[in-house]
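Take a walk through this structure, from its cores to its sheets and then to a pair of helices. Keep the sequence at hand as you read.

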Amino acid sequence: MQQSRRMARWSTQRGLSLAVLMFAGGCSTLVREEPAPPPPPEPEVHAPLATQTFRFDPETTGVVGELQVTVAREEDTLADIARRFNLGFDELLHANPGVDPWLPGGGTPIVLPTQFVLPDAKPEGVVINVAALRLFYFPKAGPDEPRVVTTYPIGIGKVGWATPLGRTKIVAKRKNPVWTPPASVRREHAEAGDPLPARVPAGPDNPLGTRAMNLGWPSYLIHGTNKPAGVGMRASHGCIRLYPEDVEALYDELPTGTRVTIVNQPLLHRWQHDRLYVQAYPPFEDHDHDADRAKRALLEELQDERTLQRLAEAGGAVDPLLIEQVIEQGRGIAVPVTVAGLTYDAFLASARRVANAVPVGSNRHGHAEQDADAGDPLAGTKGH
């Protein structure tokens, strides 16, 4: 009898325990789950900064502009975005490896290499760095006026028709020019089954565009184009091409006799405040340049006592791996290589996010939204 009672009591306790466990299990489904963490906030989008004209002090300015990032529209090509932001096609192509140039796709981030290390040349008149596919104009300042530098993307001579290097000047200017193709160009076209007339009148079929400026070197010009997509590429017979809106603006600024200096500098480095910037472009295989010499000059700069003292005062450090990465990738992005702990990816991630619109102060067609954050349009680093 006692054993029967013990068995009954055990069964009752076991039943209660199971009931408690089942109830506890059922309650667990009633506990509200913790909400998922909110997604990271979208980066703030600003008005684009000026990409064309900057304040310039020959004693202190080595770098102008600022790196920016925008987002492609559904209908954009890289050529569209390049022209909008005062860039050339190859500049944008090199800065965005892996992006389809003809169909980037809506929402694709596009790095805008709108920060420029100035060429190592006397800042006077026009200075052209063919390696950067870029022209810099250093006008003289009037009384009580700050000096500025204006920069434009250019097209230059294709392989076999290299744009010459050296110093010359503008000897003549022509509006709505007639093009007289040189015999060598006519011969090339004839051999390709595309004969040229002896003279091409002004108009939409004229490859010189609406403005032409003759250089002291016979047959070489700075001119516009009727094919703007070729700006920022090696596509001419040695002449220097500009977008139509750029050549018209520059034409009005440049008097006859303006000095023109053309250099080939694929590796640039200059100080801006307490930072040393390095900017590297892919070298041209058919240009006579010494990339190793430029690299040695950079390394000597980094080992100079004044550089080491400057770095110590600013709390900076030289990162040889970052320097090597900038040179090897040749993306044409100016990178401050003396910021302690900085990586290439971190620098790109810190770039200003901007609307896909014409920058303030630009001579491009269209308008940009201007707000208090747009900055000073003259702000510095903050033929054929």
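The largest nonpolar core has 25 residues. A nonpolar core here is a set of buried Ala, Val, Leu, Ile, Met, Phe, Trp, Tyr and Cys residues joined through side-chain atoms within 4.5 Å. Buried means under 20% relative accessible area, exposed means over 50%, and partly exposed lies in between (1.4 Å probe, protein chains only). Inside this core, the residues with the most contacts are Ile-81, Leu-87, Leu-92, Ile-110, Leu-112 and Val-149. Two or more core residues come from each of α2 (78–84), α3 (89–95), β4 (109–112) and β7 (134–138). The largest share, 4 residues, comes from α2. These element names refer to DSSP runs, numbered from the N terminus: helices are H or I runs of at least four residues, and strands are E runs of at least two. Apart from this core lies another, of 24 residues, including Val-69, Ala-95, Ile-327 and Tyr-344.

The model is predicted: local features need pLDDT of at least 70, side-chain atom pairs count only at pLDDT 80 or more, and totals for chains, interfaces and linings use all residues. Residues are numbered from 1 along each chain as its sequence is written, and side-chain values use heavy atoms, with hydrogens and water left out.

Now look at Val-149. Contact means heavy atoms within 4.5 Å. Setting aside residues up to four places away in sequence, Val-149 touches Gln-52, Thr-53, Phe-54, Phe-56, Val-64, Phe-136, Tyr-137 and Phe-138.

How much of β7 is buried? The strand is mostly covered, with 5 of its 5 residues buried. Two strands pair if DSSP finds at least two bridges between them. Strand β6 (residues 125–129) and β7 pair in the antiparallel sense over 5 bridges. Here Val-127 has Phe-136 as its bridge partner in β7. The hairpin of β6 and β7 has 4 residues between the strands, and its Leu-133 takes a positive phi near 50°. Strands β7 and β8 are also antiparallel, over 4 bridges. There, Phe-136 is the bridge partner of Thr-151 in β8.

Step back to the whole sheet. It is open and has 9 strands, in the order β1-β8-β7-β6-β15-β10-β11-β12-β14, with mixed pairing. Its edges are β1 (53–55) and β14 (240–241). Each has a single partner strand, so one side of each is left without a neighbour in the sheet. Further along the order, strand β11 (residues 211–215) and strand β12 (residues 221–223) pair in the antiparallel sense over 3 bridges. Ala-212 has His-223 as its bridge partner in β12. Helix α5 (residues 244–253) lies across β7, β8 (148–153), β10 (166–175), β11 and β12. It runs at about 55° to β11. Such angles run from 0 to 180 degrees between N-to-C directions, and axes are lines fitted to C-alpha atoms, for helices over the stretch in contact.

Strand β15 (residues 259–263) holds Arg-259. Is Arg-259 buried or exposed? At 19% relative accessibility, Arg-259 counts as buried. Beyond residues up to four places away in sequence, Arg-259 touches Lys-122, Glu-124, Gly-125, Val-126, Arg-167, Thr-168 and Lys-169.

A further open sheet has 3 strands, in the order β4-β3-β19, with mixed pairing. Its edge strands, β4 and β19 (352–353), each pair on one side only. Strand β3 (residues 68–71) runs parallel to β19, joined by 2 bridges. Gln-68 stands opposite Arg-352 in β19.

Next comes Val-335, in strand β18 (residues 335–336). Val-335 is buried, with a relative accessible area of 0%. Its C-alpha atom is separated by 9.2 Å from that of Leu-67, 268 residues apart along the chain. Leaving aside neighbours within four places in sequence, Val-335 is in contact with Leu-276, Tyr-277, Val-278, Leu-322, Val-326, Tyr-344 and Phe-347.

Finish with two helices. Helix α6 (residues 291–303) and helix α7 (residues 305–314) pack at an angle of about 60°, with their axes 5 Å apart. That makes α6 oblique to α7: under 35 degrees counts as roughly parallel, over 145 as roughly antiparallel, 65 to 115 as roughly perpendicular and the rest as oblique. Glu-301, Leu-302 and Gln-303 of α6 meet Glu-305, Thr-307 and Leu-308 of α7 in this contact.
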